[in-house]
Amino acid sequence: MFKVIKRSIFLTLGLSLVINSNAQTLSPAMLEQFKSLPLSEQQALAKQYGVDLGSIKSSSKSSPVGTVSQELPQAEKSNELQVEEKNAVLSKAVKENSSVAETIKAVKNPLVRFGVDLFDREVSTFAPTDNAMVPADYRLGVGDELIIQLFGKESDLLTLQVGRDGIINFPKLGPISVAGLSFDEAQRLINARVDKQLIGVESMVSMGRLRAMNIFMAGEVSVPGAYSVSALTTITQALFQAGGVTDIGSLRNIQVKRGGELVSSFDVYDLLLKGDISGDIRLQSGDVVFVPPYEALVTLTGELKRPAVYEVKKGQTLGEMVAMAGGYKSSAFAGELVLIKKRNPGELPVAVNIKAENSDQLAIEMSNGDIVRVLPLGDNVENLITLEGALARPGVYGWKEGIRVSDLIGDMRRDLLPDADLGYSLILREKNQKLDIDVLEFSLVEALSNKGSPKDPILQARDKVLVFKWEGVTQLNEELAGSDLSTADNTRAALLKPVIKKLEAQSDASNPASVATLVGPVRSSGTYPIQEGYRLSDLFAAAGGVLEQADRSYGLIVRIKNSNLDIETLQFSLSDVLAKQGTHSDLVLKPRDRVLVFEWDGLYEDSVSGIDENEPREFSREALLAPVIAKLISQARSDQPANVVSIGGAVKVPGQYPLGVNYTLQDLVDAAGGLDDSAFQENFEVRRIVQNANSENEVQVLEINNARSFALQSRDFVNVRQMIDWNPDAEVEVAGEVKYPGKYLLRRGETLSDIVVRAGGFTNEGNPQGAIFTRKSVAELEATQARLFGQQLQREVAASLMTNENSTVDYTAVSSIIADLNQFAGLGRLVVNLDKALNGDEASDLLLEDGDRLVIPKKSNTITVVGEVRRQGSHTFERGFNIDDYLGLAAGTSSRADDKNIYVVRANGSVEQADVSWTKFTPRSVRLQPGDTIVVPINTDYKDFIPFWRDITQIIYQGTVAIAAVGIL
């Protein structure tokens, strides 16, 4: 523990020096001390001082051999990920029966050497031996402590240490020489002396703290050097202390040298493979543990219980190495092994087939670099039938003449999983000596309902039956099944992948693979086997059916038409295919066809379709058609223009579309999802590029009235016009004192009076003169003007700060005002006169817009007085009272009031200025109405009278003095 603390302090100082000085770096010795620490301490130190742990480790690779305690250079160790990758490469090479050359290539990066990782654990398995039980034959030496318990006539506890002279000083007994004695001999000696010299006292002797001794670790150990260890330390414990052996260190010839003589050799394999620790002797002070490099390594791969790289001793045979690897797995082809034997330098290795029962061959002596490969058993069995997929008992079954599907799958509930697809299953059948296959389709429900009939297929030897998982299984079925139905990968994609791969492998230019690919919102997109006469409806059934979000109006078949892989397209209606199966609408597929089914692209509102229009969809027209359009454009030639047309305007999905055979304008409209509700349907505009008499391209614009009969050409662009001011969702809100408040969808040309009539008119409590009308466009304009004013104010303030103007503007206050202006959303209030609008005044009867809001307040019988009056408040409306009367009720105006600019705010928001009376006997001309507000503004030119008269008095005084002075003269 003291050693670890000492190293941590040393490294802490070293790392701090590295951080504080760019010129300094860790020395090689410091790096090795750092690497000898536990991983957790390395990470903690690196994190504390901001050092990249990876850079420290990488820098250590170039460190030269240095001091005694420095780690020797060694090959970089493989981490766990590299080991897994190497194992995977080797396992794949064995399983695919790869050639000898491939196998040699796969094992060039060998497996982990057996036993070497015993000392490489991140969590140390080494525990200190200070508290271990001391054996009876332990030899006492200088520094050992004996604990002696006395009891009887006297009781005492003595801790006595063996001195440099080998003696312990026992009180009342004198010196006793114990050095060199075994622990058992020392116990008997001390007990005898106590019995003899201390009458009536008995003793019990045990070991205390053991002495420390110095040993030296040398050779191929991770951290060679001198170590201070416990006196009970063995060879393996010393190796743990030194971090184990290097990648080239031997595990089978670890030597202990004492006084220059070899006293013991230890084979770690005896401990690991046999549990034999007889060679793991206890070390003595001054011992040297020396690890030489290994002499030979042999790689054992394949179907063995413990494939690895093994260190081999001279004379060990192939049979012994197989036994060392644990023997064969149950999946091994134990009858034969492959031995790749190295030969003389400059010669290629030679491969030898070894019979497992041949004792002479198993006695071949192994040498460095040999590779042993045990082959897998394989799964070739005669007269079998294989069942795969959503079955209760998948696997291999025996075949007999005349056996049918129903003989193996006789009951749906007993033999199938709850999520099995009963409508679509396949039989894979070998058809020739090249192991090419035919694919036969059948329905499980029909086979089991008509046992023994042609719908119940007869199976042949080596047939494989695939039963797919129904991917539209509901949660209710999962609950009834009582298990998670998604655990087994019995999907179409998983089971069909090797089938499609085989069909493609057995095809050629004259015989294309009988497969078709279906992409889009179906239960299982993918590639499917097809037979002659296979139609679109068959392909949809194979895919488990189409989903609800599939576009019923437009689908596309992309077909390869020649050896140049040029393509052509055929358009179909999904609804026609599903409704008219087997007819001309249900197109017949050809090998390598690609069928595209699209998702809704905004055909309906979210509330109807359940589709979020803002979410990108995998099977949208844009996503699926992009590679098709690119291919059609790329295959265009001078004599064959690109078969692409475009459509824009009031259609659901504007864009580019493939041009099919006999393609009409209506076909293109259908492909684009149909017309929008806003579309002007009386005629369409077609822009067409044509060649004139001089063979120059020019643009023509055509007006088309009949979309179904007009044939499109390459590069045509169709524009579907939109009706003016079309907004089917435009609405206004009427609130307050009307009979039917709420939101109303607008009709084109509807006015303020129209919406009041639709709302049932006013209630008895309604006050139309106080109507509050707001409009979104006005609020947006107000917000824009506020922002513009804020920008202008900011420019003026900034300009004043940059010039010599004597400005006392507080820039912080101005910034706050500008921020408020930028956040101002606008009120949007318009002053309306409902009385005039309802009485036929067209100027007052506003045309309504989307987002308008009309609020009719309740009648009010008050007049409110605010501003510079002595007592603000509301007063009951009195007929015949004028402004001055209400100012009187408010205790009159204050001294700061601007009497000349008093104004009245009407209940509807309009403002009327009160004319100034020439005499106090003449009332102001504004006629007040219930709900009005009288506003008395502040006089901005007001000046306090006391300073004013003080100034006047000063002027008069100075004038009087001047006159007196003149009089004296």
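This is a short tour of the structure, one selection at a time.

Before you click, know that this is a predicted model, where local features need pLDDT of at least 70, side-chain atom pairs count only at pLDDT 80 or more, and totals for chains, interfaces and linings use all residues. Residues are numbered from 1 along each chain as its sequence is written, and side-chain values use heavy atoms, with hydrogens and water left out.

**Stop 1**

Select strand S12 (308-311) and strand S14 (350-355). Helices (H or I, at least four residues) and strands (E, at least two) are DSSP runs, numbered from the N terminus. These two are the edge strands, each pairing on one side only, in an open sheet of five strands with the order S12-S11-S15-S13-S14 and mixed pairing. Two strands count as paired if DSSP finds at least two bridges between them. In general, strands of a sheet pair through backbone hydrogen bonds, either parallel or antiparallel.

Averaged over this sheet, neighbouring strands are turned by 25° against each other, direction ignored. Axes here are lines fitted to C-alpha atoms, for helices over the stretch in contact, and angles run from 0 to 180 degrees between N-to-C directions.

Which residue of S14 does Val338 stand opposite? Look for Asn353.

**Stop 2: Asp370**

Go to the loop between helix H11 (359-362) and strand S15 (371-376), where you'll find Asp370. Is Asp370 buried or exposed? Asp370 is buried, with a relative accessible area of 0%. (Buried means under 20% relative accessible area, exposed over 50%, partly exposed in between, using a 1.4 Å probe and protein chains only.)

Show the side chains of Asp370 and Lys341: a polar contact of 2.7 Å joins them. A polar contact is a pair of N or O atoms within 3.5 Å; within protein, one must be able to donate a hydrogen and the other to accept it, and residues adjacent in sequence count only if both atoms are side-chain atoms.

Contact means heavy atoms within 4.5 Å. If you leave aside neighbours within four places in sequence, Asp370 has contacts that include Leu297, Val298, Thr299 and Glu365.

**Stop 3: two arginines in loops**

Most residues other than glycine have a negative phi. Arg462, though not a glycine, has a positive phi of about 70°. Arg462 sits in the loop between helix H14 (444-449) and strand S20 (464-469), and counts as partly exposed at 32% relative accessibility.

Next, jump to Arg715, in the loop between S29 and strand S30 (717-720). Arg715 also has a positive phi of about 70° without being a glycine, and at 45% relative accessibility it counts as partly exposed.

**Stop 4**

S29 and S30 belong to an open sheet of five strands with mixed pairing, in the order S27-S26-S30-S28-S29. Strand S27 (655-658) and strand S29 (697-704) are at the edges with a single partner strand each, so one side of each has no neighbour in the sheet. The twist from one strand to the next averages 25°.

Zoom in on strand S26 (residues 644-649), which runs antiparallel to S27 and is joined to it by four bridges. Ser646 has Gln656 of S27 as its bridge partner.

Then select helix H20 (residues 621-634), which lies across S26 and S27 and runs at about 60° to S27. Where is the kink in H20 centred? Click on Pro627: the kink there is about 25°, where the bend at a residue is the angle between axes fitted to the seven residues ending there and the seven starting there. Among the buried residues of H20 are Leu624, Leu625 and Val628.

**Stop 5: Ser844**

Finish in the loop between helix H25 (834-838) and strand S35 (853-856), which holds Ser844. At 15% relative accessibility, Ser844 counts as buried. Its side chain makes a polar contact of 3.1 Å with that of Asp841. Ser844 and Val832 are 12 residues apart along the chain, and their C-alpha atoms are separated by 6.8 Å.
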